[in-house]
Amino acid sequence: MSTTLSPYREEAAAGGQPPPTPPARSGGLAGWRSSWRVALRMARRDVRRHRGRSLVVLLMVGLPAMLVVAAMTIAATSQVTGAEKIPRALGSTQAAISGPVPEKISQGPDPVSGYGSTGGSGDATPIPGFEDGGTAFDNAEAIGRLVDGRAVPYTVGETRVQVGDRVRTLQSLAIGDPGGVGDKVTLVSGRWPSAPGEVLLSPSAVDGGLPSSGRLTQVAAKGESLEVVGTARAVGEWGTRFELVTTTPLWADSWDQGWLVDRETPVTWAEVQELNAYGLPVMSAEVLRNPPSIGELDPQIADQEQFGQARASMAYALLGGVLVILLTLLIGPAFAVSAARQRRTLALAAANGATTPQLRRTVLAQALVLGGLSAALAVVLGVLAAIAFVLVAEDREWMTTGPLDIPWGQVAGVVAVAVISSVTAALLPAARLGRLDIVGTMKGVHVPPPPNRLLPVGGILLAAVGGWAIITGAQTTGTETQILAGAVALIVGALLTVPTVLHLLGKVGGHLPLPLRLATRDLARHRSRSAPTIAAVLAGTAALTIGLVGATSDNAQRRQQYLPQTIVGEASVYDIGPDAGATAASLERYRAAVPDLRFAPTWVVSNDPGTSGSGVPFIAARPVGCTPEQTFRDREWEARQQASAPPDVESHPADLSSPCQLVGETSGTGRSVRVLDADEIVRRMGLTGAEAETVRGGGAVLMTLPSDKGLVTDGSVNVVYGLRTGGDAYAEDARLTDVTTVDLPVVTREHDRDSMPRSLMSGLLVPREAAEEHGWALTGAGLAVYSPSGPLTDLQEERLVAAAGGEGQVAVERGFVNELWMVMAVLLGIFTALLLVVTLTSAALSLAEQERDQATLSAVGASRGTRRIMAGAQAWLLALVGVVLGIAVGLVPGIAITYPLTGMSWDPASGAATTSEPTTVIPWLVLLAMAAVVPAVAGLLATLAVRGDPTATRRST
């Protein structure tokens, strides 16, 4: 007995996949729950049955989520706050004290991070027995009595040591009892230092070539020898890894110093406030573990803390919104292609009585299952990747982190975002099921409706409004909500134009060669599958464009504002020892140590009262029409300025720049008078002919500004030299006495960025011979160092540092260094990989869906090369359209972000902050390379996916 099946059931039986039986209908909540249980069960079965397709979807959903989870975990672990700071900041002690400052202070729970402390509530209470100007070691006993415990002094600085013919500068910690502070200093090998000159080195310093035991030569004027007695790990409060630990300071200049409080009882919040009255900021372990409430803080500190929390909440909200949009767009292609592949199965279900809501639940249930599974895998893999990175970073000392900190709240948010984004991405394919053509789908005929003509118009208008909101919000410091809403509108508006772009692409493709014609036709016909892929590429490219424009513009502004201290390739030496300045002894020491270099001493007018006995030397250039006294203190100008100022603004004379004060000690532009040998001025300024002869004859070089009109008359500049009295130049009793003036022949140079470093940041360069002839009291300001053979080499720099020892600072000018290139390279690499993954996975799913089309092409004689070109052209076009649209969309917020990044500038002449036009630099070369390389690579890889001849099957059409 034979059984006759309906055509639809024949198709199902032939395919070996019987259509699912729809559940019995029942009303109310019970029926709804039953339907969803069935849909989820079917979704789990479908995921297991189609493992390849499911793995691709898991990759597209899980990869972005995994990267986000890993980044969050690494960031949370590296941000050491609150009680996490105790091991490295305090070790086993109860508190750390710094200061004191002259005023009483009010502090927050952590005085050195967050919003720290505030002062201004009166003079600090004197500390009994405290020696002003003494070191932390000198005052340890006084602090110990104050806190009723043992105060362990510490100080931070640099130690220079000789290693063969090279010099190493080591970040160093001197601490009174390194063995009694717990995890802050951990002994790895050897023993603790017990005498002056004994030191511990870090394992990384030993790995870098320093000995783990024995003698070590310290590079200093005294030539002291150090004894290495072991190795130890020591960390600072800010994550600094110290390379050398000792019990007595080996350096003259300290960056930081203070005391660790070692006692049995904790330092409470009440005791912290008592110590604040002495001007002492305190970091207490007890307070870090149990911080005071907002109500217990000083009102100013409390307001700042609440403001910071509100800003952080807003930032997280913005980040979450952007993350949802980005993940939804990146995930969209997976479910769009997956829904297209299931079109026939869903049509079979519909033919057997499944309703549209049931079909939609089937698609959405698959999104729930795949999204949840992807999110779970992303959390596990992301956390494992973060742990591996932190372990490697700690071992190689790339960074200092606290204990592993997994931000479960934020991770849960990423899971929710991944699931929501998956369901959101599946909503559009699910919504189309109401218009499913059952008969056409069963026959394999797909005729897409023409695109809506009003949709692209609305998209262009929406994108224009979004762009306007972004630009105006950035220009007028608008709210983050306005900028975020503008970004969403811009992206959504651009996405609305994608179907029309694909439709037009299909029309244009009719004039292309056969493989390209087939590719463009397929993309246009399957817009529901192609548009989400383009949207994902668009989103990723837009995000990358924003980052590149912002980073490039910020880097360009920093390059423009960079002020070389001297000529690139040369060096400046500043002595900081007792014989400060370029004395004859120090000059001979340097010449003997590095004979192949040239040294040019520089001087300034002395500010030492001892040079005159009756006042402090003063020097300035006098503009025409100004008296010598006005170059020192223009009281009439100050009175007029203060009278015209608003009543609620208090002006200080130092803030008022008179036209009579252009170059000199009271210059409002910060331009000073510097003295060099005449030949050195000629060399540095590149003077020749008559100008060089003017300087050698006692003439000066003036760096002019537009405001310097009237400063030079008849080829000379009038210089005022005298003695200022009264201590503070702006005190009411301050006067200028013993005034002399001299006219110096002058060579002018425009005060631009090329001449500024050559002038050593000065306004007026005067030959030493002329200064001595006129009796000016001079003091050494350092040495200008250069090599006749070219820029200083690294070896010459090390020899110069060795000659400076512990009493000099050496600064070699290497020019501007682009510190953002690594960030830009990482951004480019991550987003390029992400774009390729999105494009290729979508192309792979599309090729799987096109099996019947590929078989038909093969049957009619299409070669593998033709089919490869078609597959590659599809991937190339998908990536190209997405990248081009993404660059266009990303440029608008990218330009907008340059306003807060570069809108605030500063005047190199005055050093004052200014608001100026933003520096906007678009990296066209990088963007064009991305638009060329990403589609090309995607197309090339897609061609390799076509292997062998497909299995020919009988088609119904």
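**T497**

I began with T497, which lies in the loop between helix 15 (480-496) and helix 16 (498-508). Helices here are DSSP runs of H or I with at least four residues, strands are runs of E with at least two, and both are numbered from the N terminus. This is a predicted model, where local features need pLDDT of at least 70, side-chain atom pairs count only at pLDDT 80 or more, and totals for chains, interfaces and linings use all residues. Residues are numbered from 1 along each chain as its sequence is written, and side-chain values use heavy atoms, with hydrogens and water left out.

**T497**

I began with T497, which lies in the loop between helix 15 (480-496) and helix 16 (498-508). Helices are DSSP runs of H or I with at least four residues, strands are runs of E with at least two, and both are numbered from the N terminus. This is a predicted model: local features need pLDDT of at least 70, side-chain atom pairs count only at pLDDT 80 or more, and totals for chains, interfaces and linings use all residues. Residues are numbered from 1 along each chain as its sequence is written, and side-chain values use heavy atoms, with hydrogens and water left out.

The cut-offs are under 20% for buried, over 50% for exposed and partly exposed in between, with a 1.4 Å probe and protein chains only. I listed the contacts of T497 (heavy atoms within 4.5 Å). Leaving out residues up to four places away in sequence, T497 touches P456, G459 and I460. I also checked L885: it sits 388 residues from T497 in sequence, yet the C-alpha atoms are 9.9 Å apart.

**T919**

Next I looked up T919, in the loop between strand 26 (913-915) and helix 30. T919 is buried too, because its relative accessible area is 13%. Beyond four places in sequence, T919 touches S553, A556, Q557, Q560, T898 and T902.

**The nonpolar core**

I then went to the largest nonpolar core, which has 24 residues. Such a core is a set of buried Ala, Val, Leu, Ile, Met, Phe, Trp, Tyr and Cys residues joined through side-chain atoms within 4.5 Å. V883, I887, L891, L927, M930 and V934 have the most contacts inside it. Two or more residues each come from helix 3 (51-78), helix 18 (527-561), helix 27 (821-849), helix 29 (864-902) and helix 30 (924-944). Which helix gives the most to this core? Helix 18 does, with six residues.

**The disulfide**

I found one disulfide in the structure, taking a pair of cysteine sulfur atoms within 2.5 Å as the test. It joins C626 to C660, with 2.1 Å from S to S. The link of C626 and C660 is left-handed, at -80 degrees about the S-S bond. C626 is in the loop between strand 16 (616-622) and helix 20 (628-632), and C660 is in the loop between helix 21 (635-644) and strand 17 (673-676), 34 residues apart. Both C626 and C660 are buried.

**An aromatic pair**

There are four aromatic pairs. Rings of Phe, Tyr and Trp (its six-membered ring) pair if their centres lie within 6.5 Å; planes under 30 degrees apart are stacked, over 60 edge-to-face and the rest tilted. I looked at F130 and W259, an edge-to-face pair at 6.2 Å centre to centre and 75 degrees between the planes. F130 is in the loop between strand 3 (117-123) and helix 5 (140-147), and W259 is in strand 12 (residues 256-262), 129 residues apart. F130 and W259 are both buried.

**Whole chain**

Last, I noted the totals. The chain has 30 helices and 26 strands. Buried residues make up 47% of its 957 residues. Of the contacts between residues at least 6 apart in sequence, 78% join residues at least 24 apart.
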